Amino acid sequence: CISLAIDMLDAIRMVLRPDGVLTEVKLGICSGDFTAGIIGSSAPRYSIFGDTVNTASRMASTSALSTPKFPFIHISPSSYALLVQAGYEERGLWPEMVLAARDAQVVVKGKGVMQTFCLW
């Protein structure tokens with residue numbers, strides 16, 4: 001997921017809005033269990049459900065805007081724990097980015113107050 005988010009940040013460097021301004025995105029990541037399946041019969045769609053999906057959405061909605069000049073990925077505590085367990089906190093994910101706790105706790109809808117993390 002982190003690699004995909006980094007690739008998305010790289011991609012927005014090449015996309016301008018119709019008014020010529022650089023594209024901005026909000027990125028959020030959460031790790032955990034989810035359920036996936038095909039929904040519907042006349043127009044079947046593949047979808048994923050669960051608390052992990054909802055939390056990832058909340059990470060994105062409470063994220064700072066990412067721009068080519070200010071990349072920012074909002075990370076849940078579960079994803080941060082996996083990154084630390086894998087050793088990314090010490091050696092770094094990418095040389096140009098820092099993994100750190102956010103300065104303030106974030107109020108996350110449906111979750112309450114959370115200490116979240118960011119890759120910037």
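**Close-up views of salt bridges and a nonpolar patch**

**View A. Arg17 and its partner Asp19.** Arg17 has a relative accessible area of 35%, so this residue is partly exposed. The model shown here and in the other views is predicted. Arg17 forms a salt bridge with Asp19, and the closest N and O atoms are 2.7 Å apart. Asp19 has a relative accessible area of 51% and is therefore exposed. This pair belongs to a count of three salt bridges.

**View B. The salt bridge between Asp10 and Arg13.** The closest N and O atoms of Asp10 and Arg13 lie 2.6 Å apart. Asp10 is partly exposed, with 37% relative accessibility. Arg13 is also partly exposed, at 45%.

**View C. The salt bridge between Lys111 and Asp51.** The side chains of these two residues meet at 2.7 Å, N to O. Because Lys111 sits in the loop between strand 6 (106–108) and strand 7 (112–114) and Asp51 in helix 2 (residues 51–61), the pair ties together parts that are 60 residues apart in sequence. Lys111 is partly exposed, with a relative accessible area of 37%. For Asp51 the relative accessibility is 47%, which also counts as partly exposed.

**View D. A nonpolar surface patch that includes Phe34.** Phe34, Ile38, Tyr46 and Ile48 make up this patch of about 480 Å². Phe34 is placed in the loop between strand 1 (27–29) and strand 2 (35–39).

Notes
Residues are numbered from 1 along each chain as its sequence is written. This is a predicted model: local features need pLDDT of at least 70, side-chain atom pairs count only at pLDDT 80 or more; totals for chains, interfaces and linings use all residues. Side-chain values use heavy atoms; hydrogens and water are left out. Patches are made of residues with over 30% relative accessible area and no salt bridge: like charges are joined within 9 Å, nonpolar side chains (Val, Leu, Ile, Met, Phe, Trp, Tyr) within 5 Å. Accessible areas come from the Shrake-Rupley method with a 1.4 Å probe; for residues, only the protein chains shown count as cover. A salt bridge is a side-chain nitrogen of Lys or Arg within 4 Å of a carboxyl oxygen of Asp or Glu. Helices (H or I, at least four residues) and strands (E, at least two) are DSSP runs, numbered from the N terminus. Buried means under 20% relative accessible area, exposed over 50%, partly exposed in between (1.4 Å probe, protein chains only).
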